[in-house]
Amino acid sequence: MGHRMTQPLAVLQLDNLTLGYDRHPAVHHLSCSIAPGALVAVVGPNGAGKSTLFKALTGELAPLQGSFRMHTAPGGIAYLPQQSELDRSFPVSVFDMVSMGLWREIGPFRGLSRSQAERVRAALAAVGLSGFETRQIGTLSGGQLQRARFARMMLQDASLLLLDEPFNAIDARTIEDLIALVLDWHAEGRTILAVLHDLELVRRHFPECLLLARESLGFGPTTDVLTPERLATARRLASEFDEAAAVCHRPEAEAA
Ligand SMILES: Nc1ncnc2c1ncn2[C@@H]1O[C@H](COP(=O)(O)OP(=O)(O)OP(=O)(O)O)[C@@H](O)[C@H]1O
């Protein structure tokens, strides 16, 4: 990328960041520096604090302690939350949902120009949804809806992308197509953080990894971070937490 020289050393710098709810820490003392163009998997057991970290990065949750700094190029940050039923219940066509990715440049209440409509169609084609333009999103399969969410994200043209479990309950063929898009975005110089549970997929495609288990158990090259020892520590910390949760009757203990 031509403007690389003017980019800061880190897109994202976490400095002793502690996050939580009602003053109870969910994830402690995170420090790391993520370089422009990094492709990072965020890995850890249920309840490790992965989604909490993303909520903080998008400004939804204020740090309890420590801080983070973000230096994003124009286009800013795009966030793909975990899929939820809410997405589907919204009465909107696939075309209109995907065109919301252009909201930054269009603003509210204005129609699409011919070239913007063309970009929406191109994004739909890129995710394999040509012909679905007028379908209501509630009629899509889970995999098709995730393709539409990726198309919307593509139009946002962000420099930092946060993907929370983007391949959850998605079939192998769709994962393959969506991973190819993620790798294209990486090749374009964007910085990508993705919460993932499939460690084989992480090892295959993600050069760097942040392993969380309510604290950081490592950040760096995936082969160095995802060692059997560290994964065993992550599992142990997660099960210790579950026992603690059972004692104080917190709802997640029942769900586990
Ligand atoms: N709104 C909330 N209020 C109180 N506690 C919360 C809230 N959201 C999450 N937590 C708690 O914070 C901890 C971290 O949750 P988080 O959702 O970040 O984990 P995660 O690593 O994303 O897990 P998973 O893999 O299950 O999605 C958990 O103990 C969770 O119960």
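Biologist: What makes the shell around the ligand divide into nonpolar, polar and charged residues?

Modeller: Ala, Val, Leu, Ile, Met, Phe, Trp, Tyr, Cys and Pro count as nonpolar, Asp, Glu, Lys and Arg as charged, and the others, Gly among them, as polar. By that rule the shell has three nonpolar, six polar and two charged residues. Mind you, this is a predicted model, where local features need pLDDT of at least 70, side-chain atom pairs count only at pLDDT 80 or more, and totals for chains, interfaces and linings use all residues. Numbering starts from 1 along each chain as its sequence is written.

Biologist: How do you know which residues surround the ligand?

Modeller: A residue is near a molecule if its C-beta atom, placed from the backbone, lies within 6 Å of it. That gives 11 residues, and the closest are Tyr21, Asn46, Lys50, Ser51 and Thr52. Helix α1 (residues 50–57) supplies the largest share, three residues; a helix here is a DSSP run of H or I with at least four residues, a strand a run of E with at least two, numbered from the N terminus.

Biologist: Why are β2 and β4 said to stand at the edges?

Modeller: Strands pair if DSSP finds at least two bridges between them. The open sheet runs β2-β1-β4, with antiparallel pairing. β2 (24–34) and β4 (65–70) each have a single partner strand, so one side of each is left without a neighbour in the sheet.

Biologist: What makes β1 and β2 a pair?

Modeller: Seven bridges join strand β1 (residues 12–21) to β2 in the antiparallel sense, and the cut-off is at least two. Tyr21 stands opposite His24 in β2.
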